[in-house]
Amino acid sequence: MKPVLRVHALRLRNSWKFMLLATVLATASAALCQKYDLLRMGNAERAAYDQGLTLFTKGRPRSQDVVIVGIDDQTLQGIRDNERYVRNYGVYPYSRNLWARVFEHLVDGGARAIVFDGVMDERGTDESNDLALAQVLQERGIPLTLGFSLNAGQPALPRVEPLNRFPHPAAPPPAPALDVLPASASGDDFAETEEAPALTPEEVARALTFPVHTTGLTLPSLEQKSSDTGARLMRHPVPPLPGLVRTSPGFGLVLLEEDEDGRLRRTRFAYSDGANTYATLAVAAAADLLGAERVELAPGRLKLGTRELPINPDGSAELDFGGTWKERFEALSVYAVLEDWARREEHRTKGTPYVPVISEGTFRDKVVLVGGLAVGTSDVKSTPFQSEAPGLVKHAVILEALLSGGFITEAPFWASLLLTFFVALFSVALITLSRSPAVELAWPLLLYFGFFLVTGLFLQHGQVHVLSAMPTYAGEFASLSAIAFNHMFANRERERLRQAFNRFLDKTLVDQLVEQQKLPSLEGETRQITAFFSDIRGFSTFSERFKNDPKALVALLNRYLTRVSTVLMRHGACLDKYIGDAVVCLFGAPLDLPNHAVSACHAALAVRAEVEVLRAELQKEGLPDVYTRIGLNSADMFVGNFGSEHLLDYTAIGDGMNLAARLEGANKAYDTVIMIGPLTYALAREHIEVRELDRVRVAGKHEAVTVYELLCRAGELPAAKRATVERYHRALALYREARFEEARRVLEEALAADPEDGPSRALLARCERYALNPPALPFDGVVSLEK
């Protein structure tokens, strides 16, 4: 395992109980805030939702089903400036005969249906215009869905059996009489029409109610909102004009569905006043278009005819605006439609050329939504995409979703709670395990300003609203808990140890050291470690070249020691000391390294490779060579802080350290680079390739030990070198049997294949000497290392 990962694993082992407790408490706190709207959780959730929606869901394609025809500024100004229009239709709010003309022209243009985002429940100053509109609706069979409003003072309608009245097919326009002027040119729009008889409450109820079948749901009530003052009264439908009740094929409820901050984000599809059920305007229109006799609602499901859509479990849904209303929907002016109608009528009656204002086919097979666009119509609402948008945008988005799109649905609460748990867990783990001041500062800020990006991705790719504020709050709570834990409880002892060992160990290894449950004893202890010694060949001659420039010598030596030390510390070494050009370090103390011998061998090979690179660089620069020899030895040694009350040094003492130093020097006799002791070989043999060099006896010791040349990592020895090593081993076996002539012939064969092999040359020289001057018997083949 890499040192960084080992540090984190130790921290996880030491802190997992705290991390789990902090995660659970943070998740529970955030869930309570979500449920009871504490700490303004509701406002935070709406803000995050809006950010995710506007950043990730804009750019939806323009609607192919819905076209908007609105009363815009052009309509208000154009009619006001046209005396003929003012005489026929008045000023806003216009007389009903204007809508008769508009509806008639839209149907003639091929519109599938017309949805009017408005109510017509007050009689006009000229009631003949009201009756004339009803006449056009009846004679032409215009597929209109008209809005109706609510009023708390309105009498309740009687309970009736609801029935969806599908519109009749639109009738073709009557052939014009050649001597009749177009309405745009005449003072009259329609002939006198008899006043319609009064409506009965049952008749109104049958017209306005809509069949709604619910399974496992309760429809929202039409009571006044809880924010309203006074008694909570039930609101009841306000009847439209009698002539329209009898002739308009569809009616839908028009009411505000704003969130607490006044923005439009979601909708319900049907409501109840306790006696009857009513569909909203867009739902009633879509039901006719889809041939649905009723609306079917169940938790998470809305069905209209054969079309079924996912919604929220409570029967609501969030609106997928997909951009600003001008980006999503084609919008035309009522004035343009009126002008187009007038030109067409003049063409039909007078035969003048017909130059349309609106391109032919604009309304063909489209659902046309008619309503107010200008601020002067007093129908301005706020959406996540726009602070000021026409109110009819809500109906347009709902119609688009019902006919060919879909709604945004809330993820199950358990899913948001699970996400909250994982965000809290990740937050506390990140800060507890990293122990970085930069992370402690950056992560809470990133959570606060950026978590809506996660919600946005769910909105973009799944039309699913995953709660943002609850995970963010939990992440913040967990982060603060972790920061407090780090600074109040965990850092004091760590800093003391970090200061004690920072100059010996790589930073990552210091972190790993302080995270261990069993901390090292600074007073001293005996443990098995591997000692490393390295030295530059001929350093005295080396330094002579710089006797007149000691600063250059220091710079070069620092360069060499930095390169070597960096490699060693990267492999887990604890730097013990520098003795001139020599480097002494320990593997396995103070940091526990179960594979200290393997780490030391790999480090030695890496140092050899790094020194080769440095030698090539120095040669190009005309600087002296830094050929380096290395000795490794593993043994039980006494380690700790040694020195006086003025100066302490963490080091190791014992015969094992002495042998490591002797092995480094013995490289000279064998012309090798890295020599290792017997225990080092025994501990690392599965991971390295070696050559058994000899059996040696160090000064002051009677027991001989076997030493080895470290060649490379396991599996990396070239075939040619392997052959040389095998010949050397055969020769060594013959040498130990005092068969010097035979050993000499094998070694000569080895050198013929590999002339640069130093151990073969050294053993050959010894065999030749003993062949001329045989040693005393019995011969044990042991070489004494005096220094």
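**View 1. S479 is a buried residue of helix α16.** S479 has a relative accessible area of 0% and therefore counts as buried (buried means under 20% relative accessible area, exposed over 50%, partly exposed in between, with a 1.4 Å probe and protein chains only). S479 lies in helix α16; helices (H or I, at least four residues) and strands (E, at least two) are DSSP runs, numbered from the N terminus. The side chain of S479 reaches the backbone oxygen of G475 at 2.7 Å. Apart from neighbours within four places in sequence, S479 is in contact with S427, I431, W443, P444 and L447, where contact means heavy atoms within 4.5 Å. The model is predicted: local features need pLDDT of at least 70 and side-chain atom pairs count only at pLDDT 80 or more, while totals for chains, interfaces and linings use all residues. Residues are numbered from 1 along each chain as its sequence is written, and side-chain values use heavy atoms, with hydrogens and water left out.

**View 2. F485 is found in helix α16, residues 469–501.** F485 is buried, with a relative accessible area of 17%. V428 is 57 residues from F485 along the chain, and the C-alpha atoms of the two are separated by 9.8 Å.

**View 3. H596 is found in helix α20, residues 596–620.** The relative accessibility of H596 is 4%, so H596 counts as buried. Its side chain and that of T530 are joined by a polar contact of 2.7 Å. A polar contact is a pair of N or O atoms within 3.5 Å; within protein, one must be able to donate a hydrogen and the other to accept it, and residues adjacent in sequence count only if both atoms are side-chain atoms. Leaving aside neighbours within four places in sequence, the residues in contact with H596 are Q528, I529, T530, F587, G588, S634 and L683.

**View 4. Helix α11 is mostly covered.** Of its 17 residues, 12 are buried, among them Y335, W341 and R344. The cover over the buried residues of α11 includes β1 (66–71), α3 (73–81), α4 (83–89), α5 (96–108) and β15 (330–333). At the N-terminal end, S333 caps α11, with a side-chain oxygen 3.1 Å from the backbone nitrogen of Y335. After α11 comes G351, whose phi is positive, near 80°.

**View 5. Helices α24 and α25 cross at roughly 150°.** The axes of α24 (residues 740–753) and α25 (residues 758–772) come within 9 Å; axes are lines fitted to C-alpha atoms, for helices over the stretch in contact, and angles run from 0 to 180 degrees between N-to-C directions. The two helices are therefore roughly antiparallel to each other (angles under 35 degrees count as roughly parallel, over 145 as roughly antiparallel, 65 to 115 as roughly perpendicular and the rest as oblique). The contact includes F740, L747 and L751 of α24 and L763, L764 and Y770 of α25.
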